[in-house]
Structure formats: C-alpha cells, structure tokens
Amino acid sequence: MGSSVNYDLENGEIVKSSPVVKSLLRTTSRADVLSGVRFRILRNLLANVGKVIFGTKLFVLYPAIPMAFVAHYYSFGRPWIFAMSLLGLTPLAERLSFLTEQIAYFTGPTVGGLVNATCGNATELIIAMFALRQRKIHVLKYSLLGSIISNLLLVLGSSLLCGGIANLNKEQNFDHKQADANSLLLLLGLLCQILPLLFNFRTTDAPNLDVDSVLQLSRASSIVMLIAYVAYLIFQLKTHTQLFEAQEDEDDDDEDLDKETASIGFWSAFIWLCAMTITISILSEYIVGTIEAASERWGISVSFISIILLPIVGNAAEHAGSIIFAFKNKLDISLGVAMGSATQISMFVVPLCVVIAWIMGIPMSLDFGILETGCLAFSILLTALALQDGTSHYLKGVTLTLAYIVIGACFFVQYVPFDESNVNN
C-alpha cells in the first residue's frame with residue numbers, strides 16, 4: 001500500500017485515504033502561524049537570556065545586584081552597600097565585554113577590537129565620572145592608576161605565566177612592534193604625570209603660584225596626550241594597519257568559534273549593553289559614595305581599595321580573555337588586550353577626566369603623588385623590558401605578577417584615616 005501511494009503521488013494523483021498525504025496537504029491556519037511565531041520569539045528570548053545572563057560562571061554573583069539595591073533603599077550599613085555593589089559589578093563587567101564582542105563581530109575585526117577595548121574600560125570610566133561629579137578626585141586618580149597597573153602587571157603577567165606553563169615545549173613568540181607602540185605612548189603619559197609632580201619639589205616663595213602652574217601644566221599635558229591618542233588611532237586604523245593584522249590573521253583558525261559566539265544579534269547585544277551600562281552606573285555611584293565608609297570600617301586604605309580591588313573587578317573580562325589566548329599560544333591577542341587597555345586608560349581616559357574637570361571648574365591635575373607615580377613608572381618599565389625581545393616564558397610572567405603583589409602589599413599597609421583636606425588636587 002505504501003508503494004502504490006508513492007507511485008500515485010509521483011504521477012500527481014491524490015489518494016484521499018492516505019493519512020500521510022493529508023498531513024502534507026493540510027493548510028496551516030493563521031492561528032497556528034501566529035502561535036508558531038509567538039513560540040519562536042519566546043524560544044529566542046529564552047535562548048538570548050540564557051547566553052547573556054547564564055553564559056558566565058560568575059552568574060552566582062548576580063544576587064549581589066538586587067541586594068545592593070535593597071541595602072541602599074533601606075539604608076543598610078554603607079560598607080554593606082559597597083561590598084554588594086562591588087560583587088555585583090564583577091559579572092556585569094565580564095558580560096559587558098561579551099556584549100561588545102558580539103557587536104564587534106558585525107563591525108569588523110579592527111574597528112571591533114577598538115570598540116571592545118573602549119567598552120571594556122567602561123566600568124572604570126563610569127566610576128571616574130561619578131567620582132568626578134562628587135568631587136572625589138582621590139578616588140578617581142587611584143582607580144585609573146590602579147587600572148593601568150593592573151593591566152600591565154596582573155593581567156599581562158598572569159597571562160605570560162599561564163601561557164608559559166601551558167606551552168613549556170614551545171617557544172612563545174609575538175610581534176613586538178605593537179607592544180613597542182603601546183610602550184611609547186605609556187612612557188609619554190608617564191612623562192606628562194611626572195612633570196606636574198616635580199613642581200611640588202621646587203623651592204619657591206610662592207606656593208599658590210605652584211598650584212596654579214601645576215594645573216596649567218596638567219591641562220596642557222592632557223591636551224597633548226589626547227592628540228597623541230588620536231595619532232595612535234590613525235596609526236592603528238589607517239596608516240599602519242599591517243602591524244595589527246598579525247593579530248587578526250592568527251585568529252582566523254577560530255573563525256567558527258567567533259561565529260558561534262556572535263549568536264544573539266546586533267540589536268539584542270546593543271539593548272543588553274545599554275541595560276547593563278545603566279546597572280553599572282547605579283552600582284558605580286553606590287561604590288563611589290560608600291568607599292570611605294568601607295575604608296574606615298574595614299581598616300583598609302582608600303588607596304588600596306581603589307588601586308587594587310576596583311581594577312580587579314573592572315578588568316575581570318580582560319583578565320580572563322587574555323589568559324585564555326595565552327593558553328592557546330596567541331600572545332599577540334593577549335598583549336593587545338592588556339596593553340591596549342592600559343594605553344587607552346593612560347592616554348585617553350585620564351586626560352579626558354582632566355579636561356572635563358577643567359570645564360566643570362574642578363582643579364584636577366596630573367599629580368598622582370610620588371608613591372603612586374613611582375609604582376606606575378616601574379610598572380611601565382618592567383613591562384617594556386619584558387616585551388622588548390619579542391619572546392616570552394613563564395619567568396617573565398612570574399616577575400610581573402610578583403611586582404603587582406608587592407605594589408598591592410605597599411598600599412595595603414599604608415592605611416591613613418581619610419581626610420579630604422589632605423588630598424592633593
């Protein structure tokens with residue numbers, strides 16, 4: 001019977017008694033179509049939520065976000081608000097990087113990498129803007145300085161360490177030209193921060209004139225730093241793109257993986273990005289407003305919290321991504337993530353904050369303090385020396401990581417009760 005039915009079908013004859021034919025010829029009703037559309041939208045929405053919300057192992061920290069809101073609404077202890085906000089920022093910062101990767105898939109590798117680096121620093125930038133609005137210049141300076149040091153020593157150091165251990169039998173090489181370009185910009189930024197600091201060591205009979213000179217020099221240096229960063233963007237995107245093509249070519253083997261990760265769509269990623277940015281903004285405001293209370297309650301200096309704890313949270317995504325690529329022996333990508341982020345903070349975010357403070361009438365300078373500037377200087381020099389030969393091994397990672405531990409210990413033992421009058425602009 002099955003063979004006769006098939007024969008009749010092939011000749012255009014319809015057998016009414018065949019249930020198979022009835023199912024093939026049955027016209028789908030409009031209600032069925034709408035129901036299918038609704039179920040498809042619901043399935044896509046659930047899949048979208050699953051990939052964005054539960055696509056990270058840090059999702060266990062999500063309950064800290066509503067707890068921070070509740071603690072703020074019911075005026076719980078300010079240290080509790082700070083702790084919950086800090087924990088809540090950790091998965092949001094990681095997911096922010098994931099969403100920018102989705103957007104970068106649609107914008108192309110070079111522009112996408114720039115977008116990813118920019119949005120990867122969104123947490124630090126948002127915290128800096130709230131600190132500036134509340135005129136907490138010390139928190140702003142500490143957090144930005146800590147982000148640079150964290151990227152250079154902790155993120156890059158742990159990446160070189162893990163990559164060297166995972167590839168003991170392989171020689172790890174990378175194109176040092178890109179690292180050289182970033183090192184030059186970091187040294188220029190260091191010079192712009194050292195010169196205002198040196199004004200404080202001048203012997204003069206007019207201290208007020210020195211304060212004004214430091215502000216004027218800082219604002220002029222900030223403009224120079226922004227010009228240098230624009231030149232770097234032109235260098236990267238226009239004139240010397242071949243220096244950055246090695247990173248893109250090495251990632252061609254993972255093209256299928258990239259296609260899988262870009263699975264939520266451009267507009268979905270954009271909407272999620274906006275929602276998470278708003279949430280990060282709220283939590284950042286809580287952190288800036290309660291950091292001194294947490295420092296006094298826990299007996300930990302504001303400098304340690306701002307330079308060590310906040311950057312670890314803000315750089316969680318860069319840290320994880322850089323280590324993963326180092327494990328795969330793709331150091332060009334790891335260097336691009338770590339040093340690119342540090343360069344953007346140093347040459348764009350820091351001078352931008354000085355200019356915005358200038359517009360707002362807030363006397364913010366590039367004088368970060370002798371201890372803080374010294375730590376930054378040695379971090380840049382250690383990183384530049386470690387990357388000068390274009391090769392890597394685990395000993396370099398050990399050196400950079402231990403240097404970060406020493407700097408963290410320095411700020412941990414340096415506890416001074418907070419006093420706004422003692423903070424230098």
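## A buried serine

S346 counts as buried, at 2% relative accessibility. Buried means a relative accessible area under 20%, exposed means over 50%, and partly exposed lies in between, using a 1.4 Å probe and protein chains only. S346 is placed in helix α16, residues 331–360. Helices (H or I, at least four residues) and strands (E, at least two) are DSSP runs, numbered from the N terminus. Setting aside residues up to four places away in sequence, S346 touches I148, L186, G189, Q193, M225 and P351; contact means heavy atoms within 4.5 Å.

The model is predicted, so local features need pLDDT of at least 70 and side-chain atom pairs count only at pLDDT 80 or more, while totals for chains, interfaces and linings use all residues. Residues are numbered from 1 along each chain as its sequence is written, and side-chain values use heavy atoms, with hydrogens and water left out.

## The chain as a whole

The protein chain has 18 helices and two strands. It contains 425 residues, of which 47% count as buried. Take the contacts between residues at least 6 apart in sequence: 84% of these join residues at least 24 apart.

## Helix α7

Helix α7 covers residues 122–133. Nine of its twelve residues are buried, so α7 is largely enclosed by the rest of the structure. The buried residues are A122, T123, E124, I126, I127, A128, F130, A131 and L132. The length of α7 can also be checked. The expected span of a helix is 1.5 Å times one less than its number of residues. For α7 this gives 16 Å, and its end C-alpha atoms are 16 Å apart, which agrees.

R133 also belongs to α7. Apart from neighbours within four places in sequence, R133 is in contact with E285 and M360. The C-alpha atoms of R133 and A357 are 8.8 Å apart in space, although the two residues are 224 residues apart in sequence.

## The residue after α7

R135 follows α7 and lies in the loop between α7 and α8. R135 has a positive phi of about 60° although it is not a glycine. Most residues other than glycine have a negative phi. With a relative accessible area of 47%, R135 is partly exposed.

## Three salt bridges

The structure holds three salt bridges. A salt bridge is a side-chain nitrogen of Lys or Arg within 4 Å of a carboxyl oxygen of Asp or Glu. In one of them, the side chains of E285 and R133 meet at 2.8 Å, N to O. E285 lies in helix α13 (residues 266–298) and R133 in α7, so the pair ties together parts that are 152 residues apart in sequence. E285 is partly exposed, at a relative accessible area of 30%.

Another salt bridge joins the side chains of E292 and K136, at 2.9 Å from N to O.

D389 counts as partly exposed, at 44% relative accessibility, whereas K396 is buried, with a relative accessible area of 13%.

S295 is found in helix α13. At 2% relative accessibility, S295 counts as buried. S295 and I305 are ten residues apart along the chain, and 7.6 Å separates their C-alpha atoms.

## One cavity

How many cavities of 30 Å³ or more does a search of the whole structure find? The search finds one. A cavity is a set of points, on a 1 Å grid over the protein atoms alone, where a 1.4 Å probe fits but cannot get out; lining residues have an atom within 4 Å of a point. Grid points are joined across faces, edges and corners, and a volume is the space filled by probe spheres set on the points.

The largest cavity holds about 40 Å³ of space. Its lining is made up of E124, I127, S143, L310 and P311. Helices α7 and α14 (302–314) each supply at least two residues of this lining. By class, the lining has three nonpolar, one polar and one charged residues. Here Ala, Val, Leu, Ile, Met, Phe, Trp, Tyr, Cys and Pro count as nonpolar, Asp, Glu, Lys and Arg as charged, and the others, Gly among them, as polar.

Notes: On a 1 Å grid over the protein atoms alone, a cavity is a set of points where a 1.4 Å probe fits but cannot get out, and a pocket is an open set with protein on both sides within 12 Å along at least five of seven lines; lining residues have an atom within 4 Å of a point.
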